[in-house]
Amino acid sequence: MFGLFDNLLKKNYENITAKEVESLINDKNTQIIDVRESYEYKSGHIPKAKLIPLGQLTGRLNEVNKNKQVILVCASGSRSGRAANLLAGEGYNVKNMTGGMSAWRAKLSY
């Protein structure tokens, strides 16, 4: 029983800084997924980031390319951490942007 609980708490992904994400925006092998709500996304998001709110992620997995590195972003890093665990469990190569959009200092898209 404890083994199952440990697996649920186990972090199956790596973290990445906002500065590192900035250098990967144009990488063809990287996909950035923003898991915030649409109103948050509309207030400013990382250029080329695709919006898939966390609550919709499981139903929209077909929109996430399993052959690319996936970087997950939210406001603070919490929701994207949950999304990273979910996608890692499905076999995706994922990284969570620490600090979320509050750590982002580069250009925004609207």
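## A walk from a buried aspartate

At 1% relative accessibility, D34 counts as buried, and that makes a handy place to start in this predicted model. D34 sits in strand β2, which runs over residues 30–34. Who does D34 meet there? Leaving aside residues up to four places away in sequence, D34 touches Y41, H45, A49, K50, L51, I52, P53 and V73.

There's a charged partner as well. The side chains of D34 and R36 form a salt bridge, with N and O 2.8 Å apart. R36 is tucked away too: its relative accessibility is 5%, under the 20% cut-off, so R36 counts as buried. In general, side chains of opposite charge can pair when their charged atoms come close.

K50 pairs with E63, and their closest N and O atoms are 3.2 Å apart. This pair ties together distant parts of the chain, since K50 belongs to strand β3 and E63 to the loop between β3 and β4, 13 residues apart. How accessible are these two? K50 has a relative accessible area of 31%, which makes it partly exposed. E63, at 28%, is partly exposed as well. E63 also meets R60 in a salt bridge, at 2.8 Å from N to O. Put together, K50, R60 and E63 make up a salt-bridge network.

While we're in the loop between β3 and β4, have a look at T58, which lies there too. With 55% relative accessibility, T58 counts as exposed. From its C-alpha to that of V73, 15 residues along the chain, the separation is 16 Å.

K48, in the loop between α3 (38–42) and β3 (50–51), has a positive phi near 75 degrees, though it isn't a glycine. Most residues other than glycine have a negative phi. K48 is exposed, with a relative accessible area of 60%.

Now over to helix α4, residues 78–89. Its twelve residues reach 17 Å from the first C-alpha to the last, close to the 16 Å expected at 1.5 Å a residue. Which of its residues are buried? They are S80, G81, A83, A84, L87 and A88. These residues cover an arc of only 160 degrees around the axis, so they fall on the same side of α4. The general rule behind such patterns is that an α-helix has 3.6 residues a turn, so residues three or four places apart point the same way. What do the buried residues of α4 pack against? Their partners are β4 (69–73) and β5 (93–97). After the helix comes G91, with a positive phi near 95 degrees.

That brings us to the largest nonpolar core, which has 16 residues; V64, V70, L72, L87 and V94 touch the most other members. The elements giving two or more residues to this core are β4 and α4, and α4 supplies the largest share, four residues. V94 shows how the pieces meet: not counting residues up to four places away in sequence, V94 touches Y13, E14, V70, L72, A84, L87 and A88. Apart from this core lies another, of 14 residues, including V21, I25, W104 and A106.

Terms used. Residues are numbered from 1 along each chain as its sequence is written. This is a predicted model: local features need pLDDT of at least 70, side-chain atom pairs count only at pLDDT 80 or more; totals for chains, interfaces and linings use all residues. Side-chain values use heavy atoms; hydrogens and water are left out. The expected span of a helix is 1.5 Å times one less than its number of residues. Buried means under 20% relative accessible area, exposed over 50%, partly exposed in between (1.4 Å probe, protein chains only). The arc is that of the directions from the helix axis to the C-beta atoms. Contact means heavy atoms within 4.5 Å. A nonpolar core is a set of buried Ala, Val, Leu, Ile, Met, Phe, Trp, Tyr and Cys residues joined through side-chain atoms within 4.5 Å. A salt bridge is a side-chain nitrogen of Lys or Arg within 4 Å of a carboxyl oxygen of Asp or Glu.
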